[in-house]
Amino acid sequence: MTGPADATALLLSRVRDVPDHPEPGVMFKDITPLLADPAAFTALTDALAGISLRHGATKIVGLEARGFILGAPAAVRAGLGFIPVRKAGKLPGATLSQSYDLEYGSAEIEVHAEDLTAADRVMVIDDVLATGGTAEASLRLIRRAGAEVAGVAVLMEIGFLGGRARLEPALDGAPLEALLKV
């Protein structure tokens, strides 16, 4: 590969469309072929690490569960700490939690209270930006922990679901970068 356009083409070529999953009429974007391809996964890791460093992140937060798969290697590549944001009840010890609304109800995420400090600038990494609910809740959680938001980086943004519009007020000027827009 020679540049960003080549990386984008490689990433896009490794995302598989799965029609009618998880229900009829939905076109699921499956990233497992991308993860199985070492060149594509390396290109993705490099891109996410570069975004994190470019925006001055000191730590990367990965959102359960695919954000763990993408965020942890990006943190290692960038030389940054990695913090998992989990579904409620999964982390031992003292946590901070944040609830948020979903189309079908509500959910809650948590982070270890001591993992983020006022000295941290945090890049949130996930696989997909869809409606933006989980990302928005993670930004609230990071700020409640006293840390600064460096931005949000995702592999793929599904534009018609409106996640960017929902997330922009919560970003408060921090960047949102999507490597692919579908």
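This report describes selected local features of a predicted model.

## The largest pocket

The largest pocket has a volume of about 1,500 Å³. Its lining comprises 46 residues, of which R66, V128, A130, T131 and L161 are the closest to the centre. Strand β7, residues 121-129, supplies the largest share of the lining, with six residues.

Sorted by class, the lining of this pocket consists of 28 nonpolar, eleven charged and seven polar residues.

## K59 in strand β3

Strand β3 covers residues 59-63, and K59 belongs to it. K59 has a relative accessible area of 18%, so it counts as buried, the cut-off for that class being under 20%. Its side chain makes a polar contact with the side chain of D120, at 3.1 Å.

Beyond residues up to four places away in sequence, K59 touches L80, G81 and I83, and also D115, L116, D120, R121, V122 and M123.

F28 is part of strand β2, which runs over residues 27-30. With a relative accessible area of 27%, F28 is partly exposed, because this value falls between the limits of 20% and 50%. The C-alpha atoms of F28 and V18 are separated by 5.0 Å, although the two residues are ten apart along the chain. When residues up to four places away in sequence are left out, F28 touches R16, D17, V18, H21 and R66. R66 is also one of the residues closest to the centre of the largest pocket.

The loop between β1 (16-19) and β2 contains P22, which is joined to H21 by a cis peptide bond with omega of about 5 degrees. H21 is in turn among the residues that F28 touches. D20 is located in the loop between β1 and β2 as well. D20 takes a positive phi of about 60 degrees although it is not a glycine, and it is partly exposed, with a relative accessibility of 48%.

## The peptide bond between E64 and A65

E64 and A65 are joined by a cis peptide bond, with omega of about -5 degrees. A65 is found in the loop between β3 and α4 (66-78).

## Helix α5

Helix α5 is made up of twelve residues, 133-144; at 1.5 Å a residue it should span 16 Å, and its end C-alpha atoms are 17 Å apart, so the two values agree.

The buried residues of α5 are G133, A135, E136, A137, S138, L139, L141 and I142. Just after the helix, G146 adopts a positive phi of about 95 degrees.

## D172 between α6 and β9

D172 lies in the loop that connects α6 (163-171) and β9 (176-181). Its phi is positive, at about 50 degrees, although D172 is not a glycine. D172 has a relative accessible area of 63% and is therefore exposed, the threshold for this class being over 50%.

Conventions:
Residues are numbered from 1 along each chain as its sequence is written. This is a predicted model: local features need pLDDT of at least 70, side-chain atom pairs count only at pLDDT 80 or more; totals for chains, interfaces and linings use all residues. Side-chain values use heavy atoms; hydrogens and water are left out. Helices (H or I, at least four residues) and strands (E, at least two) are DSSP runs, numbered from the N terminus. Buried means under 20% relative accessible area, exposed over 50%, partly exposed in between (1.4 Å probe, protein chains only). A polar contact is a pair of N or O atoms within 3.5 Å; within protein, one must be able to donate a hydrogen and the other to accept it, and residues adjacent in sequence count only if both atoms are side-chain atoms. Contact means heavy atoms within 4.5 Å. On a 1 Å grid over the protein atoms alone, a cavity is a set of points where a 1.4 Å probe fits but cannot get out, and a pocket is an open set with protein on both sides within 12 Å along at least five of seven lines; lining residues have an atom within 4 Å of a point. Grid points are joined across faces, edges and corners, and a volume is the space filled by probe spheres set on the points. Ala, Val, Leu, Ile, Met, Phe, Trp, Tyr, Cys and Pro count as nonpolar, Asp, Glu, Lys and Arg as charged, and the others, Gly among them, as polar. The expected span of a helix is 1.5 Å times one less than its number of residues.
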